[in-house]
Amino acid sequence: MPKDLKGIEAGKLPAHLLVPCAGGGKLHWLCAAAWNAMVEKAKSEGLELKPTSAGDTYRDYESQKRGFLSRYTTTNNGSKTTRTFEGKTWYLKPGVAPMATPGKSNHNWGLAVDVHSAGEPKRLNWMIANVKEFGFSWEVVPVEPWHIRLVTGDNPTPAVRAYMERNGIKAPAGGATPAPAPSSGGGINFGDKGPRVAQMQGLLVERGMYKKKIDGSYGPQTQLAVDAWKAANGRPAGRGMSAEELKMLGM
Ligand SMILES: [Zn+2]
């Protein structure tokens, strides 16, 4: 699991961790790089790879729940494929494909793709030969031969690293991620107090702009550091940090 997913709920990824991927939909940025790299190789070998639909890439919690509720029923229909959700047993309806419980799918982390027409022999054989090179695991064959999942966490495979280099995407160094940590809210104003202010002060300390105590209180000394950071980053001067500026700072 990429480190920047720590503390985040499945199906509730912040927008800055998600990027559009080849063929439609969005994925966690590391999975998008792996997927795009693989799609590029397939294309160069005359094979088209795309997701079954945009909804078969990253799936937020609500859409996973909608899909789940449309495929499973609490009425015992004799199906051997069951799930436990909200304290009840759910049975798969006849004629539909199984699906993970909301919050339990790799799709909710943006780390899985369902591949369109994965069962076609040419595509299937290509995937068998190639998914590993890009860090995908194919563990649910034969039930869901279309479902591939990224298993390399913060360590992209050499093929994916090469793709990232070609496209100017910074790979995580030593397992650390360059993507900013999630921000739990909007901007921070002069006079605010609390853990987010402390986090902002810590980041300003790292940049050599704040040299006072990290006390979680946005006063005049913090403002001096904010002024210095804004000047250094071409932001308009003024009190407070907008959500966008906090994101730039790394929150
Ligand atoms: Zn899937």
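Modeller: Let's begin at Ser-117, which sits in the loop between β6 and α3 (121-130). Keep in mind that this is a predicted model.

Biologist: What is the phi of Ser-117 like, positive or negative?
Modeller: Positive, at about 50 degrees, although Ser-117 is not a glycine. Most residues other than glycine have a negative phi.

Biologist: And how exposed is Ser-117?
Modeller: Ser-117 counts as partly exposed, because it has 13 C-beta neighbours inside 10 Å.

Biologist: Which other residue has a positive phi of about 50 degrees although it is not a glycine?
Modeller: Glu-86 is one of them. You'll find Glu-86 in the loop between β4 and β5. The hairpin of those strands, β4 and β5, has two residues between them.

Biologist: Is Glu-86 buried or exposed?
Modeller: Exposed, since Glu-86 has 9 other C-beta atoms within 10 Å.

Biologist: What else does β5 pair with?
Modeller: Strand β5 (residues 88-92) also pairs with strand β3 (residues 72-73), again antiparallel, over two bridges. There, Tyr-72 has Leu-92 in β5 as its bridge partner.

Biologist: So what order do the strands take in the sheet?
Modeller: The order is β3-β5-β4, in an open sheet of three strands with antiparallel pairing. Since β3 and β4 stand at the edges with a single partner strand each, one side of each is left without a neighbour in the sheet.

Biologist: What does Met-127 touch, leaving out residues up to four places away in sequence?
Modeller: Met-127 touches Val-115 and Ala-118. Met-127 and Val-115 are twelve residues apart in sequence, and their C-alpha atoms are 9.7 Å apart in space.

Biologist: Switching to helix packing: how do α1 and α4 meet?
Modeller: The axes of α1 (residues 29-44) and α4 (residues 158-166) come within 9 Å and cross at roughly 90 degrees. The two helices are therefore roughly perpendicular to each other.

Biologist: Which residues make the contact?
Modeller: On α1 they are Ala-33, Ala-34, Asn-36, Ala-37 and Glu-40, and on α4 they are Ala-159, Val-160, Tyr-163 and Met-164. By class, that contact has seven nonpolar residues, one polar and one charged.

Biologist: Now zoom out for me. How many helices and strands does the chain have?
Modeller: The protein chain has seven helices and eight strands. Its C-alpha trace spans about 65 × 45 × 25 Å along the principal axes.

Biologist: How much of the chain counts as buried?
Modeller: Of its 251 residues, 33% count as buried. As for contacts between residues at least 6 apart in sequence, 60% join residues at least 24 apart.

Biologist: And into which domains is the chain divided?
Modeller: Domain 1 covers 3-58 + 107-175, domain 2 covers 60-104 and domain 3 covers 195-249.

Biologist: How far apart are the centres of domain 1 and domain 2?
Modeller: Taken over C-alpha atoms, the centres are 25 Å apart. Seven residues of domain 1 are in contact with seven residues of domain 2. On the domain 1 side, the touching residues divide into two nonpolar, four polar and one charged.

Biologist: Great, thanks for the tour!

Definitions and conventions
Residues are numbered from 1 along each chain as its sequence is written. This is a predicted model: local features need pLDDT of at least 70, side-chain atom pairs count only at pLDDT 80 or more; totals for chains, interfaces and linings use all residues. Two strands pair if DSSP finds at least two bridges between them. Helices (H or I, at least four residues) and strands (E, at least two) are DSSP runs, numbered from the N terminus. Domain bounds come from an automatic or database domain assignment. Two residues are in contact if their C-beta atoms, placed from the backbone, lie within 7 Å. Ala, Val, Leu, Ile, Met, Phe, Trp, Tyr, Cys and Pro count as nonpolar, Asp, Glu, Lys and Arg as charged, and the others, Gly among them, as polar. Axes are lines fitted to C-alpha atoms, for helices over the stretch in contact, and angles run from 0 to 180 degrees between N-to-C directions. Angles under 35 degrees count as roughly parallel, over 145 as roughly antiparallel, 65 to 115 as roughly perpendicular and the rest as oblique. A residue is buried if 20 or more other C-beta atoms lie within 10 Å of its own, exposed if 12 or fewer, and partly exposed in between; C-beta atoms are placed from the backbone.
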